[in-house]
Amino acid sequence: MRGFCIIMGFDGAGFLLHQAAGVPLPSHVLGLLLLTAALFLRVIKLEWVEGSAAFLTKHMMLFFVPLLAGAAAVAPMLGESWLAALVGLTAGTSAVMVGTGLATKWLMREREKREAAGHER
């Protein structure tokens with residue numbers, strides 16, 4: 001229960017930051033960034049939110065139901081611009097996959113360098 005309260009608290013803080021300061025990011029993204037920063041700064045312990053995060057991730061598909069309903073509502077409009085939608089979805093997905101792969105590769109190299117430097121000492 002505590003984990004849900006913490007997660008929702010950071011989500012609310014992201015909403016307030018978005019509304020009050022006018023930060024040009026979605027409030028949920030701001031909340032996740034704040035939660036991530038709090039975890040890295042060890043203000044929040046991972047154990048506090050781990051169970052709730054696992055539960056939310058396990059049931060993530062439920063959060064996409066409104067998105068799918070909205071997509072079904074605009075499906076007739078896709079008939080006119082299906083090619084642009086297909087190209088955009090393919091290019092966007094490919095860019096994310098390539099970017100994630102390159103970032104992971106870079107992070108693995110950095111980890112190997114740190115481990116090699118640690119063994120040399």
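## Close-up views of a predicted model

Lysine 113 and glutamate 110 share helix H6, which spans residues 82-120. They sit 3 residues apart, about one turn of the helix. The views below come from a predicted model.

View 1. Lysine 113 has 53% relative accessibility and counts as exposed. Glutamate 110, at 24%, counts as partly exposed.

**View 2. Phenylalanine 4 and phenylalanine 55 form an aromatic pair.** The structure holds 1 such pair. Phenylalanine 4 belongs to helix H1 (residues 2-21), and phenylalanine 55 to helix H3. The pair therefore ties together parts that are 51 residues apart in sequence. Phenylalanine 4 is partly exposed at 29% relative accessibility. Phenylalanine 55 is also partly exposed, at 42%.

**View 3. Arginine 42 has a positive phi.** The angle is about 60°, although arginine 42 is not a glycine. Most residues other than glycine have a negative phi. Arginine 42 lies in the loop between helix H2 (27-40) and helix H3 (46-58). Its relative accessible area is 74%, so arginine 42 is exposed.

**View 4. Six named side chains make a nonpolar surface patch: Met60, Met61, Phe63, Phe64, Leu67 and Leu68.** The patch covers about 630 Å². Methionine 60 is found in the loop between H3 and H4. With a relative accessible area of 38%, methionine 60 is partly exposed. Patch residues need over 30%, so methionine 60 passes that cut-off.

**View 5. Helices H4 and H2 mark the two ends of the confidence range among the elements.** Helix H4 (residues 65-73) has the lowest mean pLDDT, 76. Helix H2 has the highest, 92. The protein chain averages a pLDDT of 87. Of the residues, 98% score at least 70. Where pLDDT is low, the predicted coordinates should not be read in detail.

Key. Residues are numbered from 1 along each chain as its sequence is written. This is a predicted model: local features need pLDDT of at least 70, side-chain atom pairs count only at pLDDT 80 or more; totals for chains, interfaces and linings use all residues. Side-chain values use heavy atoms; hydrogens and water are left out. Helices (H or I, at least four residues) and strands (E, at least two) are DSSP runs, numbered from the N terminus. Buried means under 20% relative accessible area, exposed over 50%, partly exposed in between (1.4 Å probe, protein chains only). pLDDT is the predictor's confidence in each residue, from 0 to 100. Rings of Phe, Tyr and Trp (its six-membered ring) pair if their centres lie within 6.5 Å; planes under 30 degrees apart count as stacked, over 60 as edge-to-face and the rest as tilted. Patches are made of residues with over 30% relative accessible area and no salt bridge: like charges are joined within 9 Å, nonpolar side chains (Val, Leu, Ile, Met, Phe, Trp, Tyr) within 5 Å. Accessible areas come from the Shrake-Rupley method with a 1.4 Å probe; for residues, only the protein chains shown count as cover. A salt bridge is a side-chain nitrogen of Lys or Arg within 4 Å of a carboxyl oxygen of Asp or Glu.
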